[in-house]
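Thanks, everyone, for making the time this morning. Before I say anything, please take a moment to look at the sequence and the structure on the screen.

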Amino acid sequence: RPATLMANLSSVQNASNISTIVPQPSLAPSSPVELQILQLVNTVEQLNNGLTITSTNLAQGLLIVVSSLIFFMQAGFAFLETGAVRAGKEKLVLFKNFLVLCIGSLAFWGFGFAFGYGGGNSFIGVKYFFLHDFDNSPGSYALWLSNFVFAATTSTVATGALAERAKLVSYLVVSFFVTGR
């Protein structure tokens with residue numbers, strides 16, 4: 001009987017998921033030590049499940065915090081661009097940067113995420129246009145947010161090179177294609 005219990009414990013240690021081990025009714029604990037070992041195995045399983053949930057939530061929270069920091073980089077690039085233009089054009093540059101963000105968000109929502117993460121072949125994605133049929137698994141929207149802020153900040157850097165050199169429509173077209181990939 002102890003050899004059977006030890007064999008079950010070694011299979012628990014080698015298993016990647018403890019919940020796949022189903023206790024057999026014939027192996028009911030007959031001594032207090034066996035009962036304590038089974039209780040310990042149940043406690044380890046509960047801790048493992050709680051740790052998995054906690055690490056997933058921590059990763060999502062960290063991704064959102066980092067995304068917000070990258071989003072604030074957009075404001076920094078806007079101020080940098082504002083300092084590089086002639087006096088009197090500051091409001092126009094800030095307005096253009098805001099429009100670049102708005103158009104870029106629509107482009108990334110409609111096409112950018114689908115092209116980058118929509119499956120398909122190794123070149124371009126073919127699903128998730130306008131986030132249609134997008135999975136609601138934990139962390140999927142945090143992933144979308146982080147990729148959006150990277151694309152939007154990239155667009156701001158690209159349009160910063162056009163400061164006072166292009167018209168508003170040119171800014172918006174460049175923003176649409178940079179964030180929409």
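Predicted model: local features only at pLDDT ≥ 70, side-chain atom pairs only at ≥ 80, totals over all residues.

Let me begin with the helix pair. Two packed helices are described by the angle between their axes and the distance between the axes. Here, the axes of helix 2, which covers residues 32-83, and helix 3, which covers residues 90-117, come within 9 Å and cross at roughly 150 degrees. Angles over 145 degrees count as roughly antiparallel, and helix 2 and helix 3 are therefore roughly antiparallel to each other. The crossing of helix 2 past helix 3 is right-handed.

Which residues make this contact? From helix 2 we have Phe71, Gln74, Ala78, Phe79, Glu81 and Thr82, and they meet Glu90, Val93, Leu94, Asn97 and Leu101 of helix 3. Sorted by class, the contact between helix 2 and helix 3 comprises six nonpolar, three polar and two charged residues.

Now to the threonine, Thr179, which belongs to helix 5, residues 168-179. Is Thr179 buried or exposed? Its relative accessible area is 1%, and since buried means under 20%, Thr179 is buried.

Leaving aside residues up to four places away in sequence, Thr179 touches Gly104, Ala107, Phe108, Gly112, Ala151, Ala152 and Ser155.

Conventions:
Residues numbered from 1 in each chain as written. Heavy atoms only, no water. Axes fitted to C-alpha atoms, helices over the stretch in contact; angles between N-to-C directions. Helix = DSSP H or I, 4+ residues; strand = E, 2+ residues; numbered from the N terminus. Parallel < 35°, antiparallel > 145°, perpendicular 65-115°, else oblique. Left-handed = near helix turned anticlockwise from the far one by under 90°. Contact = heavy atoms within 4.5 Å. Nonpolar A, V, L, I, M, F, W, Y, C, P; charged D, E, K, R; others polar. Buried < 20%, exposed > 50% of the residue type's maximum accessible area, 1.4 Å probe, protein only.
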